[in-house]
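Hello,

The structure we spoke about is below, and my notes on it follow. Please read them with the coordinates open.

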Amino acid sequence: MDSQHVAQDENVKFPDPATDYHGHPNYLKILILLFAFFAASLLIGNFTLTSITVAVIFATAFYKAVLVIKNFMHLRYEPIIVWIGVLAAVFCLIAFFFGIYPDITATHLDVVPR
Amino acid sequence: MENQKSLSLPSIKIPQGRLGIWTLIVGEFMIFGGLIGCYILYRLRYPEWADQAAHTSTLIGALNTIVLLTSSFTVVKAHEAANRKDLKKITLWLSVSILGGFLFLINKSIEYSTEISHGFTFSSPALQADGDTIGSLFWSFYFLLTGLHGAHVIVGMILMLWALLQARKGKNLHRVELSGMYWHMVDLIWIFLFPLLYLAK
C-alpha cells in the first residue's frame, strides 16, 4: 500500500511553484508595516485604557490581520471562491457574536455563580 | 499536463492543495473566532477580569508577537525561494521559521510556569477557594485559548519540517507554500490573542 502511494506520488506532476499563478508583493515592506502597527498598539496599551484606546488597539489588530491575510497568505491573488469562503466565515462569526451577546451580557442570570 | 489538470478543479481554477488549506483555515477561523467572541463577551460581562489579566506578562507576549511576525516573513521568503527552485534558500528560511516556533514555545513555557507557580491554572483552585469563580473563569479561557494556539504552533512546525525534508530532495515544492499558509493562520490568531490577553488590562 505504501509503495503504491510512493509510486503515485512520483508519477503525479504537482503544480510547479515556478509557474504559480500569483505574484509576490514586497514582503519586507509588509513586515515593517506590521512591526510599526505592533509598536503603536504596544505604546497605546501603556496609556490608561479607555474605550477609545481599546478600540484603536483592536482596529490596529484588525488591520494587521488584513495585511497578513492579503499579502502573506496571498488572498489578494486568489479566485472569488476563496474570498466568498473567507467572507462567509467572517459573516457567520459576526452573526454568532451578536446571537449570543444577550445570553452573556444582557441577562441578569449569572452563568457562573458569584 | 493531464496529471496537472487532474489536480486542479477546472471550474474554479485553483489547485486542490490550496483549496484544501483554505478550507482548513476557514474552519480554524470558526473555532478560534467563536472562542475569542465568547472571551470578549465574558470580558464585557465581568469587568473584574482586568484584575486577572494584569498578571499576564506583556513582555513575553510582545516577544512572541515579534517572533511570530518574523517567522511569517521567513516563511514567505521560503515560498519565494521555492518558486525559484532554490533548495538552499528554502532550507535556510524554513529552518529559521521552525526555530521561531521553538522560541515561541520556550517563551510560552516560561510564561506558563510563572503563572502556574502563582496558582493560576485551568481551574485555579486557589481563586475558587477564595470564592473568586469569575477570576478562575478568566484563567480557564486564557489557558484554553493559548493552549489551543500552542498546539497549532506545534502542528505548524511539524508541517514545515515535513515540507523542508521533501524540499531538500527537490520534491513537492508547492508544499512549502501550503505549510506556510498554515503558519500564517497561526500568526493571524496570535494577532488577536495578544491585545485581548496582554494589552487590554
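How many residues does the contact take from chain A and from chain B? It takes 44 residues from chain A and 46 residues from chain B. Bear in mind that this is a predicted model.

On the side of chain A that touches chain B, the elements giving two or more residues are α2 (27–45), α3 (51–72) and α4 (80–104) of chain A. α4(A) gives the most, with twelve residues. By class, that side of chain A has 35 nonpolar, five polar and four charged residues.

The largest nonpolar core has 65 residues. At least two of its residues come from each of α2 and α3 of chain A and α2 (16–45), α4, α5, α7 and α8 of chain B. α8(B) supplies the largest share, 17 residues. The residues with the most contacts inside the core are Ala78(B), Ile90(B), Leu94(B), Val176(B) and Ile189(B). Leaving out residues up to four places away in sequence, Ala78(B) touches Ile90(B), Trp93(B), Leu94(B), Ser97(B), Val176(B) and Gly180(B).

Helix α5 of chain B (residues 87–117) deserves a separate entry. From first C-alpha to last, its 31 residues reach 45 Å, close to the 45 Å expected at 1.5 Å a residue. Its buried residues are Ile90(B), Trp93(B), Leu94(B), Ser97(B), Ile98(B), Gly100(B), Gly101(B) and Phe104(B). An α-helix has 3.6 residues a turn, so residues three or four places apart point the same way. The cover over the buried residues of α5(B) includes α4 (58–83), α7 (133–168) and α8 (174–199) of chain B. After α5(B) comes Gly119(B), with a positive phi near 90°.

Regards

Note on methods:
Residues are numbered from 1 along each chain as its sequence is written. Chains are lettered from A and ligands numbered from 1 in the order in which they are written. This is a predicted model: local features need pLDDT of at least 70, side-chain atom pairs count only at pLDDT 80 or more; totals for chains, interfaces and linings use all residues. Two residues are in contact if their C-beta atoms, placed from the backbone, lie within 7 Å. Helices (H or I, at least four residues) and strands (E, at least two) are DSSP runs, numbered from the N terminus. Ala, Val, Leu, Ile, Met, Phe, Trp, Tyr, Cys and Pro count as nonpolar, Asp, Glu, Lys and Arg as charged, and the others, Gly among them, as polar. The expected span of a helix is 1.5 Å times one less than its number of residues. A residue is buried if 20 or more other C-beta atoms lie within 10 Å of its own, exposed if 12 or fewer, and partly exposed in between; C-beta atoms are placed from the backbone. A nonpolar core is a set of buried Ala, Val, Leu, Ile, Met, Phe, Trp, Tyr and Cys residues joined through C-beta atoms within 7 Å.
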